[in-house]
Every structure is written in structure tokens, then in C-alpha cells.
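Please look over the chain displayed here. A short report on its fold and on a few selected residues follows the display.

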Amino acid sequence: MAKKANIDLPPDFYERHLQNTGYRLVAGVDEAGRGPLAGPVVAAAVILPGQFHLPGIKDSKKLRPRERENFFGVILEEAVSFGLGIINERAIDYLNIREASFKAMERAILNLNPPPDMVLIDGFVVFEVSIPQLAITKGDNLSISIMAASIVAKVIRDHLMDIYDKIFPRYCFSQNKGYGTEGHLRIINDSGRCFLHRKSFQIKGWGKKEY
């Protein structure tokens, strides 16, 4: 069962509590890319050192791009370990986005070295990994480890979309990051989709053109 949110808790409350009860390596996990029309879903798992403080850190969605980049550098430099899980658009179409997101997060957890003693998860999902887990409602606003994971996942995914923009400049992926903006939908209607688009995502106004 997920813990109820308490906005009065310090951001490292869960990490410190678990470390004080014997869980030495506590990881937070989160993903980016559930909603876009194009590109992968990217998950990150992060183990932060004890007594880690990073003033101003919050959920990646509440940060500006430059702030995310700055926090990203500090997190990677200071983290005990971080792992990534990336599921591409074809696998998303095959699995569905919910299952693809879970699979990405599982991979991120399994890619941690050293492995964690406990995993903190944003929400109610319990993954099929043999590591103790704690689901925290609105964890991306309450746990510094989950916040860090959300930032790493978002920045990595944005970097990937910047690379894809150079391959498919017509779709302006550096600007829209694959999301269904008005401009992105207009381009799809005019030019059709490329292989980075998720075929299983049916969006009103998408148009009839294929690849």
C-alpha cells in the first residue's frame, strides 16, 4: 500500500528513515515519456549518498530546462549509482505504454551497481524485482531520490529527442520532445509520421498519412 503524501516532510525524510532502520542503499525510480506521440519512454533509478542535500530540487516537471541540466550534473557526480531503462516506440506499441513504462523502470533498477537495499516508487506500482519496495503517493514531490530519478530520466530523454531532431529535422523534436503540440500535429498531418512515432497512439486530428 502506498504511503499518503505529507507536504510537511523534508525531502530526504524517507531516505533517512530507511537508512536509520538498516536499509543502507535506497534508490528512487521514475520515468519520463509516457505521454508523447514519438520517441522512447526513459526510466532512471538513482541511489544518493547519505545526508545528500540539493537546495531547490523538485520534480522535473516543475523545473526549467536549465535548472534540470544543472541538477542533472550534480546528481550524476554525487550519486552512489544510477541506472537507466529505455523502451523504444516499437516496444511501446507492442506492450502498451503502461507496461512499457513499468519495464523501463524495472530495467533501470536492475542496472544499478551496487544494487539497492530498498526502492522508492512514485505511486502505487510494485515492480517484479526481488528488492524491497515502498510506493509513495506523489513521491516525485516528497522523496529526494525520486526527484533525482525524475530529473535524470527527463534530461536523458530530452537529449535523445535532440539527437532525433538532427535525423528528422522536419518534426522539430528539439522543441516539442515528441509531445502532441499544435505544431507537431500540423507537421504530422502535412508530412505523415516517421518511425519514431508511436503507431498505437490515436490522436484526434492526426490525419490519415502514414510513414
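The report starts with the whole chain and then turns to single residues.

## Overall fold

This is a predicted model. The protein contains seven helices and five strands. Read from the N terminus, the order of elements is α-β-β-α-β-α-α-β-β-α-α-α.

The chain has 211 residues, for which a compact globule would have a radius of gyration near 17 Å. The protein has 18 Å, so the two values agree. The C-alpha trace spans about 60 × 35 × 30 Å along its principal axes. Of the contacts with a separation of 6 or more, 65% are between residues 24 or more positions apart.

## Burial, surface and charge

Buried residues account for 51% of the 211 residues.

The protein carries 28 positive and 24 negative charges. Their mean positions are 6 Å apart.

## Asp140

Where does Asp140 sit in the chain? Asp140 belongs to the loop between strand 5 (133–136) and helix 5 (144–167). Its relative accessible area is 8%, which is under the 20% cut-off, so Asp140 counts as buried.

The side chain of Asp140 makes a polar contact of 3.4 Å with the side chain of Lys61. Lys61 is also among the residues that Asp140 touches beyond four places in sequence.

## Lys58

Lys58 lies in the loop between strand 2 (41–47) and helix 2 (65–78). Is Lys58 buried or partly exposed? Its relative accessible area is 35%, so Lys58 is partly exposed.

Setting aside neighbours within four places in sequence, Lys58 contacts Leu63, Met147 and Ile151. Lys58 and Val155 are 97 residues apart in sequence. In space, their C-alpha atoms are 14 Å apart.

## Backbone exceptions

Most residues other than glycine have a negative phi, and most peptide bonds are trans.

The peptide bond between Asn113 and Pro114 is cis, with omega about 10°. Pro114 is in the loop between helix 4 (97–110) and strand 4 (118–122).

Asn96 has a phi near 90°, a positive value in a residue other than glycine. Asn96 occupies the loop between helix 3 (89–95) and helix 4. With a relative accessible area of 39%, Asn96 is partly exposed.

Cys172 is found in the loop between helix 5 and helix 6 (173–176). Its relative accessible area is 25%, so Cys172 is partly exposed.

How values were computed: Residues are numbered from 1 along each chain as its sequence is written. This is a predicted model: local features need pLDDT of at least 70, side-chain atom pairs count only at pLDDT 80 or more; totals for chains, interfaces and linings use all residues. Side-chain values use heavy atoms; hydrogens and water are left out. Helices (H or I, at least four residues) and strands (E, at least two) are DSSP runs, numbered from the N terminus. Buried means under 20% relative accessible area, exposed over 50%, partly exposed in between (1.4 Å probe, protein chains only). A polar contact is a pair of N or O atoms within 3.5 Å; within protein, one must be able to donate a hydrogen and the other to accept it, and residues adjacent in sequence count only if both atoms are side-chain atoms. Contact means heavy atoms within 4.5 Å. The radius of gyration is taken over C-alpha atoms; the globule rule is 2.2 Å times the number of residues to the power 0.38. Lys and Arg count as positive and Asp and Glu as negative; His and the chain ends are not counted. The place of a charge is taken as NZ of Lys, CZ of Arg, CG of Asp or CD of Glu.
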